[in-house]
Amino acid sequence: KAYINNGAIRTIIDRTVYFIHGERTNFTIEPNEELTEGLDDEEARKLIDEFNAREDVKELRRKIIRVNKRCELHDRSTKLLTSALLFGRGALEIKRFPKTTGEGEDKDENSTGSWPRFGEPRILKHLSSTRIVEAKINDDSEFEGFVYEENNTTDPRRNISVKQLIPAFHDDNNVLDNSYYSGISAVWPILSVAQTIDAINDEDMPEAVRQVWAKFGIMYAGTSKKSTLTKLREALQASTWLIHNEEGLTAEVQDMARDLMELPNVQQALFKYCCQTISLPLFLIFEDTANFATANQVMQVFKAGMLNRYRTWFRGILEKYWYDPILADHLDIPLKDVISADIKIKAVFPDINFETKKEIWEGDQIGVNLGVLNKVDVAKDISRPEIIPRLQDEMAQEVEQEELINDSIQRQREESIKGQQIGNRNAQKDGSQPGKQSQIPPQ
């Protein structure tokens, strides 16, 4: 309810999820770290180039792109993150096509290849965290699935195997006894603060607004006659001025109004406390930042600290429960053997950059001068993907032109050496010293 009713909580959770996720959930296919360990940079680059040229790697990349699009991985994983942060745990159920080998009767022109182990993912269904009844654990404390409660079914409770799940557990540190795979809500420590903000919005603010324009008054009518009291009440309701001839009538007015900004200031202080508890930088919510340099430093700390922690956590979830089964299907190997395969699929997230264009240009210029970056790298840094094809063509032409120049210089050098060798042989035949012209005696 705090997420539904309280704008502060919703903003904090949504913004945290966005920074973890970025604009798009992406992936990369790389050689297993075991193959690149101990190689120098040149050997590693050569291995990666050969790896990317492999047909099976290209086929795997095509499979993953299609599956991620069909299952709407970005949208579903956004819901997964939101549930995990709110309730401590969440899950997506993977519904699959039947297992196929991609050959013979199983071959389908619309298929993305063979899926002999688990089957090709068809849908990612977001499971409600409030309907997760129990986490199933084996004797080694390994997660095996959920007992999930459905609506409008003959058997309301069903077991969902871990092979059909992408589960997420927030801060699942087993602080309490037997609390594995329960997780801890990120909102729980600030739930009472959210309720206080709601009370200010629903009760205190309306009352404060009423007190600003309407003062509290006490009046003694000087009589107990009902007709006189009724007449005075009607006169007061009709106008702010009262003209009377009641000798005993007295009135006492109390101004009980307070500064209307006191309550919004309390709300803002509570909102900041919520941000600090979630470890979200204040300048991402509030505008009263001291200066851009300070905000940039805070952002760098956030990226290197809490954001990196969250991304490492979520990257491990996607790789273990989503990409590793896909790789096992692609290689047709048991899931436990994926760790030793020569291919590794990694989840990647876009970088969060708060630098100005000028700072990006200046930093990239240093990289270009050192030969570390090229024009395409700069275009990516300044978010100009539309000019990358043109820059790649220009760079290819420059490389081709440089090769022509180098070939021309090499040919001239070879011709010069060849001419020198011919001159030396002729000089030896004439009996003169090689490399010097023979002198013709004067007549």
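Predicted model: local features only at pLDDT ≥ 70, side-chain atom pairs only at ≥ 80, totals over all residues.
The phi angle of Glu 72 is near 50°, which is a positive value in a residue other than glycine. Most residues other than glycine have a negative phi.

Ser 279, which is not a glycine, also has a positive phi, of about 65°. Ser 279 is placed in the loop between helix 9 (262–278) and helix 10 (292–331), and with a relative accessible area of 32% it is partly exposed.

## A buried serine and its polar contacts

Ser 185 belongs to the loop between strand 7 (165–169) and helix 7 (191–213), where its relative accessible area is 13%. Because buried means under 20% relative accessible area, Ser 185 counts as buried.

The side chain of Ser 185 has contacts with the backbone of two other residues, Leu 86 and Trp 188. A polar atom of this side chain lies 2.4 Å from the backbone oxygen of Leu 86, while the side chain of Ser 185 reaches the backbone nitrogen of Trp 188 at 3.3 Å.

## A negative patch on the surface

On the surface, a patch of negative charge is formed by Asp 40, Asp 41, Glu 42 and Glu 43. One of these residues, Glu 43, has its place in helix 4 (residues 41–52), and at 41% relative accessibility Glu 43 counts as partly exposed.

Key. Residues numbered from 1 in each chain as written. Heavy atoms only, no water. Patch = residues over 30% accessible without salt bridge, like charges linked within 9 Å, V, L, I, M, F, W, Y side chains within 5 Å. Areas by Shrake-Rupley, 256 points an atom, 1.4 Å probe, with all protein chains shown as cover. Salt bridge = Lys/Arg side-chain N within 4 Å of Asp/Glu carboxyl O. Lys, Arg positive; Asp, Glu negative; His and termini not counted. Charge placed at Lys NZ, Arg CZ, Asp CG, Glu CD. Helix = DSSP H or I, 4+ residues; strand = E, 2+ residues; numbered from the N terminus. Buried < 20%, exposed > 50% of the residue type's maximum accessible area, 1.4 Å probe, protein only. Polar contact = N/O pair within 3.5 Å; in protein donor to acceptor, adjacent residues only side chain to side chain.
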